[in-house]
Amino acid sequence: GGLLGFAFDWAETDDPARKPAAVSTGRGVLTMDLILVDYQDLYTIALAAQQDRRWQSVLESETDMLLNAEIDGTGLFWNGLEQNGTWTGDFENQDIAQGEHLKVIQVLWTTLHLTAA
């Protein structure tokens, strides 16, 4: 479960190490992005579920995803779920290896979403 987003990557720099590899074209490409754990607003989804029962399964799967994102009972959370089911860390930092670090604000957002559900 998870809400899948589309991303527009301007591909402003060449970087074959990125996944997908960045190729500088100046035009950009439409890509599918990973599922962002900290963007799953359980409070808003719960409000939608109160009005329309079709949102109940979304709420349940999103809650499960956030709970499953916890790293070994530490209270820290992965921030992304790849399409292949692999958890990953921060996806925004372009200067270091993506997915290898966590950001405190992203962990906090995930925690807040879980407390509001």
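This is a predicted model: local features need pLDDT of at least 70, side-chain atom pairs count only at pLDDT 80 or more; totals for chains, interfaces and linings use all residues.
Colleague: Why is Asp72 called exposed?

Modeller: Exposed means over 50% relative accessible area, buried under 20%, and partly exposed in between, with a 1.4 Å probe and protein chains only. Asp72 has 74% relative accessibility, so it counts as exposed. Asp72 lies in the loop between H2 and strand E4 (80-81), and has a positive phi of about 50° although it is not a glycine. Helices (H or I, at least four residues) and strands (E, at least two) are DSSP runs, numbered from the N terminus.

Colleague: Why is Tyr39 called partly exposed?

Modeller: Tyr39 stands at 46% relative accessibility and therefore counts as partly exposed. Tyr39 is found in the loop between strand E3 (35-36) and H1.

Colleague: How do you know that the buried residues of H1 line one face of the helix?

Modeller: The buried residues in H1 (residues 42-51) are Leu42, Ile45, Ala46 and Ala49. Seen down the axis of H1, they fall within an arc of 105°, so they line one face of the helix; the arc is that of the directions from the helix axis to the C-beta atoms. The face turned away from the buried side carries the exposed residues Gln50 and Gln51.

Colleague: What covers the buried residues of H1?

Modeller: The cover includes helix H2 (56-68) and helix H3 (104-116). Leaving aside its neighbours within four places in sequence, Leu59 is in contact (heavy atoms within 4.5 Å) with Leu42, Ile45, Ala46 and Ala49.

Colleague: What makes a set of residues a nonpolar core, and which residues of the largest one touch the most other members?

Modeller: A nonpolar core is a set of buried Ala, Val, Leu, Ile, Met, Phe, Trp, Tyr and Cys residues joined through side-chain atoms within 4.5 Å. Of the 13 residues in the largest such core, Leu59, Met65 and Leu66 touch the most other members. The elements that give two or more residues to this core are H1 and H2, and H1 gives the most, with four residues.

How values were computed. Residues are numbered from 1 along each chain as its sequence is written. Side-chain values use heavy atoms; hydrogens and water are left out.
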